[in-house]
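This report looks at a model made of chains and at how they are arranged. Please keep the sequence and the coordinates at hand while reading.

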Amino acid sequence: MSINRRQFLKIAGASTVLGLGGASVVNSLKRGGLEASQMSPDPKGLVAKRWGFVVDVSKLESEEDYKRCADACHNIHNVPVFKNDKLHEVKWIWKEPFENTFPGTEHEYMSHEFKEKNFLVFCNHCAKPACVKVCPTKATFKRKDGIVMQDMHRCIGCRFCMAACPFGARSFNYLDPRGKDTDGTPLIKVENKTFPTRMIGVVEKCTACYERLSIGQQPACAEVSNGAIVFGDLEDPNSEVRKIIATKYTIRRKPELGTQPSIYYVIGGSEHA
Amino acid sequence: MYNSGKIIAGLVVFLAFFAFPFYYNLGKANARPEPKLNTPVIQQLAEKKCVESRDFMRSEHMQLLNDWRDSVVRDGNRIYVNAEGKKHTISLQNTCMNCHSNKKEFCDSCHNYMAVKPYCWSCHIQPKEDKS
């Protein structure tokens, strides 16, 4: 039996195609039906095109108001509290004086009350987040609903995102968050068993309570803020946040940097404002 | 052959040393791990079934957990529909460990035997168990 060159190439080509096809069929059978379509979002979950916050500072009056919002967040998310060791502090939401919140806008004639006023700050969930651009592992990424999310499984702790974020919204776990403070007390006083902690060497920040949104709850800080923090869809003209932005004068932090933050601050002031 | 005595003696010593683990463990029964399923939650289940079949979970649970992780964190999808069409909430701490609250007797029994160290528990909180 002899075949010519043309016949040989035909047979070789056909058997290659069959072989490749065969392998893919066998592999897909072996994988045993794990398909992306098997996962779906919870129907109870809140959805939006672009989540955003309005922070009405005039509604934050006492020290207690700030503490209530921060504690609600930090307790739910197992954020370690460093009482003495401020260098290693981890924070998702905290207060910041005017000159640090809106640097460059303070001036000599500003009322004393305003200069001393604290603002509640947390991750701005920017529309163009600098942290996402610099992350080498895509551990931090922008979700379709606008939340700047942090995937702790992928974070390698390079801290590029911390250098990139102009708002200092990110904290690095220099120490084991499950460890103890300098005075021997555990950093996480009461663990929330339904939420993970983090580990040493990863960066963490506010995640807009993605885990609460997915089961239809508001972010923890908004829930306990008595209306000082309003959460809603910035792309929906009928949402509460848009109504406030449409009727009151709001400012954002460092808009000149072009990251387009999604937190709008109602500065309030007296009736002359 | 020069120095045959030294070489052969050396080879014998080397082989004896090298093969030590084999004859040390010779004849010892290596008990296979028996992950325990007798937690209170599982015992109260009407139908004692995991999210997928036993064989699938045995061989593919690591892949399933990886897919679950990506699904929740990256896509925000928290409902898993299994082969029978039943829905489960995707959560290691709240779904898996709710039933398998005996991590030491369940997860660890095989993982220790196979000498694999998944890093789940450096962040995820494991259920409280009696120290044993």
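The sections below take up the basis of the model, then chain B, then the interface, and then chain A.

## Basis of the model

The model is predicted, with local features requiring pLDDT of at least 70 and side-chain atom pairs counting only at pLDDT 80 or more, while totals for chains, interfaces and linings use all residues. Residues are numbered from 1 along each chain as its sequence is written, and chains are lettered from A and ligands numbered from 1 in the order in which they are written.

## Chain B

The secondary structure of chain B consists of six helices and two strands, where helices (H or I, at least four residues) and strands (E, at least two) are DSSP runs numbered from the N terminus. Along the sequence these elements follow the pattern α-α-α-α-β-β-α-α. The radius of gyration of chain B, taken over C-alpha atoms, is 23 Å, well over the 14 Å that the globule rule (2.2 Å times the number of residues to the power 0.38) gives for 132 residues, so chain B is more spread out than a compact globule.

The C-alpha trace of chain B spans about 75 × 35 × 30 Å along its principal axes. Of the 132 residues in chain B, 14% are buried, a residue being buried if 20 or more other C-beta atoms, placed from the backbone, lie within 10 Å of its own, exposed if 12 or fewer do, and partly exposed in between. Among the contacts in chain B with a separation of 6 or more, 61% join residues 24 or more positions apart; two residues are in contact if their C-beta atoms, placed from the backbone, lie within 7 Å.

At the interface, 24 residues of chain B are in contact with 21 residues of chain A. On the side of chain B that touches chain A, α4 (54-75), β1 (79-81) and α5 (92-99) of chain B each supply at least two residues, and the largest share, ten residues, comes from α4(B). By class, this side of chain B has ten nonpolar residues (Ala, Val, Leu, Ile, Met, Phe, Trp, Tyr, Cys and Pro), six charged residues (Asp, Glu, Lys and Arg) and eight polar residues (the others, Gly among them).

The chains also share an open sheet of three strands, in the order β1(A)-β1(B)-β2(B) and with antiparallel pairing; strands pair if DSSP finds at least two bridges between them. β1 of chain A and β2 (87-89) of chain B stand at the edges, each with a single partner strand, so one side of each is left without a neighbour in the sheet. Strand β1 (residues 39-40) of chain A pairs with β1(B) over two bridges, in which Met39(A) has Tyr80(B) as its bridge partner and Ser40(A) has Ile79(B).

## Chain A

An automatic or database domain assignment divides chain A into domain 1 (5-34) and domain 2 (61-221), and the C-alpha centres of these domains lie 52 Å apart.

An open sheet of four strands in chain A has the order β9-β2-β11-β10, with mixed pairing, and its edge strands, β9 (229-233) and β10 (250-251), each pair on one side only. β10(A) and strand β11 (residues 263-266) of chain A pair in the antiparallel sense over two bridges, with Thr250(A) standing opposite Val266(A).
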